[in-house]
Amino acid sequence: MENPDPEQTLIQLYDVLNQTKISIAITYGNHDAEGDFSRQQLREFEDHLKYLADKHDSYTIFDRQNYVLDIYCEDQVRNKLYVFDSDDYGKWEITSKYAVIEPEQIMWYLK
């Protein structure tokens, strides 16, 4: 069943998340862009979040956003979390029906 008003639903969700006062990081899964919103539109809608996590070294290719999150402990970066968006359905004949991490994304990670 398709959501008749995805903008209003996102606003309501983001209002709840804003109440937590916790930094939020989002990456999209294989069903998130199946409706009326593209991944780009979903990312633009993140402006409604008051506590969006700081995404470092963001790299977007094929409408897939990849980025790094710093994990702090006692005001020092202790770890880095690499976030990859694999998109929805595969474009390569040799893979399953779901998409995979593309070679360009791997090159971004290696750099």
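## Exercises on a predicted model

Lys97 sits in the loop between strand 3 and helix 3 (103–110). Keep in mind as you work that this is a predicted model. Let's start with this lysine and then visit other parts of the protein.

### Exercise 1: A lysine in a loop

Decide whether Lys97 is buried or exposed, and find which residues it contacts beyond its neighbours within four places in sequence.

**Solution.** 
- Step 1: Begin with the cut-off, which is that a residue counts as exposed when its relative accessible area is over 50%.
- Step 2: Lys97 has 56% relative accessibility, so it counts as exposed.
- Step 3: Now look for partners. With neighbours within four places in sequence set aside, Lys97 is in contact with Asp88, Tyr89 and Gly90.

### Exercise 2: The overall plan

Describe the secondary structure of the protein and the order of its elements along the sequence.

**Solution.** 
- Step 1: Count the elements. There are three helices and three strands.
- Step 2: Along the sequence the pattern reads α-α-β-β-β-α.
- Step 3: Along the principal axes, the C-alpha atoms fill a box of roughly 45 × 40 × 20 Å.
- Step 4: Check the contacts between residues at least 6 apart in sequence. Of these, 45% join residues at least 24 apart.

### Exercise 3: Surface and charge

Find what share of the residues is buried, and describe the accessible surface and the charged side chains.

**Solution.** 
- Step 1: The protein has 111 residues, and buried ones make up 28% of them.
- Step 2: The accessible surface comes to about 7800 Å², and 52% of that belongs to carbon and sulfur atoms.
- Step 3: Turn to the charges. There are 11 positive and 22 negative side chains. The centres of these two sets lie 5 Å apart.

### Exercise 4: An isoleucine in strand 2

How accessible is Ile71, and which residues does it contact beyond its neighbours within four places in sequence?

**Solution.** 
- Step 1: Locate the residue. Ile71 is in strand 2.
- Step 2: Its relative accessible area is 36%, so Ile71 is partly exposed.
- Step 3: Leaving aside neighbours within four places, Ile71 contacts Gln76, Val77, Arg78, Asn79 and Leu81.
- Step 4: Take one of these partners, Leu81. Ile71 and Leu81 are 10 residues apart along the chain, and their C-alpha atoms are separated by 7.2 Å.

### Exercise 5: Two aspartates with positive phi

Find where Asp63 and Asp75 lie, and give the phi of each.

**Solution.** 
- Step 1: Asp63 is in the loop between strand 1 (56–61) and strand 2 (64–73). Asp75 is in the loop between strand 2 and strand 3.
- Step 2: The phi of Asp63 is near 65°, a positive value in a residue that is not glycine. Asp75, also not a glycine, has a positive phi of about 65°.
- Step 3: Now sort them by accessibility. Asp63 has 30% relative accessibility, so it counts as partly exposed. Asp75 has a relative accessible area of 76%, so Asp75 is exposed.

### Exercise 6: The largest pocket

What is the volume of the largest pocket, and which residues are closest to its centre?

**Solution.** 
- Step 1: The volume of the largest pocket is about 280 Å³.
- Step 2: It is lined by 13 residues, and those closest to its centre are Pro6, Leu10, Asp32, Phe37 and Leu42.
- Step 3: Helix 1 (residues 6–20) gives the most to the lining, with five residues.

Methods:
Residues are numbered from 1 along each chain as its sequence is written. This is a predicted model: local features need pLDDT of at least 70, side-chain atom pairs count only at pLDDT 80 or more; totals for chains, interfaces and linings use all residues. Side-chain values use heavy atoms; hydrogens and water are left out. Helices (H or I, at least four residues) and strands (E, at least two) are DSSP runs, numbered from the N terminus. Buried means under 20% relative accessible area, exposed over 50%, partly exposed in between (1.4 Å probe, protein chains only). Contact means heavy atoms within 4.5 Å. Accessible areas come from the Shrake-Rupley method with a 1.4 Å probe; for residues, only the protein chains shown count as cover. Lys and Arg count as positive and Asp and Glu as negative; His and the chain ends are not counted. The place of a charge is taken as NZ of Lys, CZ of Arg, CG of Asp or CD of Glu. On a 1 Å grid over the protein atoms alone, a cavity is a set of points where a 1.4 Å probe fits but cannot get out, and a pocket is an open set with protein on both sides within 12 Å along at least five of seven lines; lining residues have an atom within 4 Å of a point. Grid points are joined across faces, edges and corners, and a volume is the space filled by probe spheres set on the points.
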